[in-house]
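Visitor: I would like to learn how to read a protein structure. Please show me one and take me through its features.

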Amino acid sequence: MNSKLHTVCDGKGRPLVMLLSEGQMSDYKGAALMLDALPPAKALLGDRGYDADWFRKALAERNITACIPSKKNRKVPIPHDAALYRQRHKIENMFCKLKDWRRIHTRYDRCAHTFMSAICIAAAVIFWLNQ
């Protein structure tokens, strides 16, 4: 099973919205599927994979500032707030905490729905029950 987990986190790095997609799906296509589920926010931090003009426009329509570095192949780079972007480590830490669970790290489950269920249980225990 080849899959990719797209996640929207809050300011503390806790997952709010999660989507499991096929592994070949680009980041911004996953973002398109999650766009309607975005919670109200001032800014969205994303890596270069989320750099698309339509995605930036959709965020601006929702009054969300996009803090996304430009892709290397963009002819005119779009500046981003480097100080704000440093907070993205909280998102990476969230993925690391999820992968501390052996079942998730090794992708033990064959079925995507079972794998996603394991991710949701791990996220609930790690980030929400221990509060």
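Visitor: Among contacts between residues at least 6 apart in sequence, what percentage join residues at least 24 apart?

Guide: A contact means heavy atoms within 4.5 Å. In the protein chain, 39% of the contacts between residues at least 6 apart in sequence join residues at least 24 apart. Before going on, note that this is a predicted model, where local features need pLDDT of at least 70 and side-chain atom pairs count only at pLDDT 80 or more, while totals for chains, interfaces and linings use all residues. Residues are numbered from 1 along each chain as its sequence is written, and side-chain values use heavy atoms, with hydrogens and water left out.

Visitor: How many helices and strands are there in the protein chain?

Guide: Both are DSSP runs, numbered from the N terminus: helices are H or I with at least four residues, strands are E with at least two. Here there are six helices and four strands. From the N terminus on, their order is β-β-α-β-α-β-α-α-α-α.

Visitor: What radius of gyration does the protein chain have?

Guide: The radius of gyration is taken over C-alpha atoms, and the globule rule is 2.2 Å times the number of residues to the power 0.38. For 131 residues, a compact globule would have a radius near 14 Å; the protein chain has 15 Å, which agrees.

Visitor: How is a pair of aromatic rings described?

Guide: By the distance of the centres and the angle of the planes. Rings of Phe, Tyr and Trp (its six-membered ring) pair if their centres lie within 6.5 Å; planes under 30 degrees apart are stacked, over 60 edge-to-face, and the rest tilted. The structure holds three aromatic pairs. One of them is Tyr 28 with Trp 54, edge-to-face at 6.2 Å centre to centre and 65° between the planes. Tyr 28 lies in helix α1 (residues 27–34) and Trp 54 in helix α2 (residues 53–61), so this pair ties together parts that are 26 residues apart in sequence. Trp 54 also forms an edge-to-face pair with Phe 55, at 5.7 Å centre to centre and 65° between the planes. Tyr 28, Tyr 50, Trp 54 and Phe 55 form one aromatic cluster.

Visitor: Is Phe 55 buried or exposed?

Guide: Buried means under 20% relative accessible area, exposed over 50%, and partly exposed in between (1.4 Å probe, protein chains only). Phe 55 is buried, at 3%. Tyr 28 is partly exposed at 26%, and Trp 54 is partly exposed at 36%. Buried residues make up 37% of the 131 residues in the protein chain.
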